[in-house]
Structures are given as structure tokens and as C-alpha cells.
Amino acid sequence: MTPHETNSITPSLVSAPPSSPPALMKAVVFDAPGGPDVLHLTDVPTPARIGSEVLVKVSAAGINPIDAKTRSGAGVSVGIPFYPTVIGRDFCGIVVESPYDGHPLKPGDEVYGISAAPRTFGSYAQYVAVPSLQVARKPRRLTPIEAAAVPTAALTAWGLVVDVAKAHEGQRVLIHAGAGGVGHLAVQLAAYFGARVTATTSGNNVSWLRELGAEEVIDHTTTRFEDRVSDVDVVIDLVGNVHDNTGTRSLGVLRHGGLIISVPTGSWPGFATEAEEAGVRWSGYSVSPDAACLAVISRLIDSGDLHVHVTEIFPLEEASEAHAQLERGHTRGKIVLEVP
């Protein structure tokens, strides 16, 4: 199957409740950390639902940078309890089993959420067992493929823009990597709450980010952002010092007492010290699975105020190719695995 672009917004039909899950399921596993080629499809035991968990038959699984980092032995790989293991956080699918008869999420409901990987098997699989507080009903406006792209990226964007930056009318916000999975959602949320958004990206995404709500877009391949912006209130840094010391350079465009939020802090060991020396406030960020917040995000999507872009779809058995594509960089929006 050849990956292809999609950005359609079409409603999906609710499927009938699936039959009882099989003893074995197809899943993408890896036996030891390594490159994308360590990922392979095999049969593993279908997870059993316990306690407050729901068992979900997965329709699609979103790919995030943390998945690739974990596969490589970085990220949250320290939490992997055993090998072979199944990674993957984001999913969309159909509830097969609920915690109890009166639970709000019932068999047959279309849901999306974040798995407990790598503590337990993740979402690159036909079934996933997930705490119910990490699962919400799928936005009606989205297909399962599109919905699977949302949870981690949207919750991260919400946390950065709303919880930490406290975006508001007239606030000046600079967002690095504005066309990425988190970035394109952060741009929309910041603009929704009234902030004046400047985003950095490569040239082919400039007009697209303006359509999403950015007031100014800077092509980082041709222009130094510090030559165009100054005295901003908040920098949302999704790059860090991995590329061209983007994080350090961002300190100089903040007003005194402004705030820099750095997500990839591992690339910038001196982050806190440098920020304090520059006279600005600082924070890292780590996303928390939150069904209540996902429900708010669903309403924004269904009202047309928030859009997710899926740029490529791969079948589950081509997870290694999907990871290789992600690690090449410059992906607009998200990459998603379609689960048979």
C-alpha cells in the first residue's frame, strides 16, 4: 500500500460492537532498541481488560516523535518492562469491553485516546487496553484515521498554549516548528484564544500556516527569526537546540520577564540556566493523558474551530517505513498507521 495524503473531513459511521476478541492479535513489536528496521509485525496475546480499563479494537494508530525516540532507546524507553514490546500512544477505535454496565463508554462506541505505553502494550496493534480516564468519544467530524492523529499532539498543544502560556487577547506568541504535529494545533489554539501568533517553518508551509491563524510566518530556511521579531511574550519551542541553536536564539526575542516553554529539553542541557541569565521565565512540558480535556478538543474540532492535518497513511505492517519517514523530518501535520 502506498502512503498518500489526506486532509478530508468526512463523518464516519459507527460500527456494530465487535465480537469477542481473539486470543492472539497482530501487532508491531521490537525486540531491542534500534533504528526503524527493528519494528516488525507478529502475533502477540490480546491484552485483557482489568479494573477501570476499556478494551478497544484499534482502527488507526497515530505516530509521534516520542514513539521513534522510545524505539531507539531514548524517550521513555526506561519504562519498558520487557521485550518484545509494542509501542504507540495514540489510537482511534471501537470499544469492545467496558469496566461495568453503566459506564459512559459502552461497547460499540467510537473513541480515541492515549495508551499506557511503554508500561503496557501500545497502540500499534489490533487491540489496546487503556484506563478509561485516558479515552474520550471520537469527534464526529473526523474519520478514524484523522482522529488517531489528534490525542498526544492536541493535548500537548493545549497544555503549552492554555495551561502554561495562558494564551489571551493581544499576547504575542512565537511558535517554532509551526507546521508539525503539535505546532499546527498550537498555532490554531493560540489564535483561537486571541494571541498574535508568529510561527517558524519551511517555505512550503508559509501560506498554510497563515490560513490556520498565524499573523506572521517566517521561513527559517531563508530568514533568521530574530531579525523579524522582538519583545514577544511567549516562545513555544518545539525545536530546542537540536537545530541551529533555535532555543538559545529564542531567548533574545523575548521581552524581559517573558516566558519560554521548551518541549525537547534533552537537546538543551543548559536551558534553565540560560533562561534565568537572560531575565526570562522558563518551563518544560510533558503531556498528561486527560479524557476531559480531549472532550473539549473534540468540541472544538466538531465546531470547525480546530483542524488536524494527516499528511501520510501507512498500513500497520509498514510501521518501520512510517518511522523512517517521520525521522526524515519536515512532516506537515501527522503520520498515521491504518490497522487491519
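Predicted model: local features only at pLDDT ≥ 70, side-chain atom pairs only at ≥ 80, totals over all residues.
Residues are numbered from 1 along each chain as its sequence is written, and side-chain values use heavy atoms, with hydrogens and water left out.

Helix α8 covers residues 291-302, where helices are DSSP runs of H or I with at least four residues and strands are runs of E with at least two, numbered from the N terminus. Buried in α8 are A291, C293, L294, I297, S298, L300 and I301, buried meaning under 20% relative accessible area, exposed over 50% and partly exposed in between, with a 1.4 Å probe and protein chains only. Seen down the axis of α8, these buried residues fall within an arc of 160 degrees, so they line one face of the helix; the arc is that of the directions from the helix axis to the C-beta atoms. On the other side of α8, A292 and R299 are exposed. Just after the helix, G304 takes a positive phi of about 85 degrees.

The buried residues of α8 pack against β5, β7 (135-137), α3 (151-164) and α4 (181-192). D109 lies in the loop between β4 (90-97) and β5 (110-114), and D109 counts as buried because its relative accessibility is 19%. Contact, meaning heavy atoms within 4.5 Å, links D109 to G93, I94, V95, P104 and R137, leaving aside its neighbours within four places in sequence.

How values were computed. Expected span 1.5 Å × (residues − 1).
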